[in-house]
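Here is a short briefing to read with the structure open beside you. It takes the salt bridges in turn and then moves to the nonpolar core.

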Amino acid sequence: MAAASAPSCSLYEVLGISANADCREIKAAYRRLARTCHPDVVSMNRKEYSATEFMKIHAAYSTLSDPDKRASYDKDLHFSLNKRPFSGFSVHKKTCTNWETDQCW
């Protein structure tokens with residue numbers, strides 16, 4: 001997992017999967033990480049760190065495993081990745097994306 005001082009990463013990065021992963025891949029990644037990061041299975045000196053990491057993993061799984069939450073998250077992620085600071089006068093091509101049909105559930 002990323003260090004605490006590292007910038008925040010996407011939920012896909014938290015689970016170690018690609019953005020086009022299907023539900024089966026999301027669940028498999030969650031289960032794999034849960035078996036190694038759950039506070040009940042780590043040594044006593046790693047419990048606090050493990051609990052924090054497990055909460056991130058669970059939140060990522062909770063969002064990405066729900067089709068509606070995932071579509072909303074993907075839309076927000078796409079917007080934030082393509083958001084650029086204003087740099088003078090320029091013309092940008094406006095694109096229209098239909099999130100409902102872009103997702104392959």
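K56 and E53 sit three residues apart in helix α3, so about one helical turn separates them. Helices here are DSSP runs of H or I with at least four residues, numbered from the N terminus. This is a predicted model, in which local features need pLDDT of at least 70 and side-chain atom pairs count only at pLDDT 80 or more, while totals for chains, interfaces and linings use all residues. Residues are numbered from 1 along each chain as its sequence is written, and side-chain values use heavy atoms, leaving out hydrogens and water.

**Salt bridges**
- The count is three salt bridges, each being a side-chain nitrogen of Lys or Arg within 4 Å of a carboxyl oxygen of Asp or Glu.
- K56 and E53 form one of them, at 3.3 Å from N to O.
- K56 is partly exposed at 40% relative accessible area, whereas E53 is buried at 4% (buried is under 20%, exposed over 50%, partly exposed in between; 1.4 Å probe, protein chains only).
- D22 and R24 pair at 3.5 Å, N to O; D22 is partly exposed at 30% and R24 is exposed at 63%.
- D74 and R70 pair at 3.9 Å, N to O.
- Both D74 and R70 are buried, and they lie four residues apart in helix α4 (residues 67-82), about one turn.

**Nonpolar core**
- The largest nonpolar core has 17 residues, and L15, I17, I26, I57 and L64 have the most contacts inside it.
- Such a core is a set of buried Ala, Val, Leu, Ile, Met, Phe, Trp, Tyr and Cys residues joined through side-chain atoms within 4.5 Å.
- Helix α2 gives the largest share of this core, six residues.

Terms used: Helices (H or I, at least four residues) and strands (E, at least two) are DSSP runs, numbered from the N terminus.
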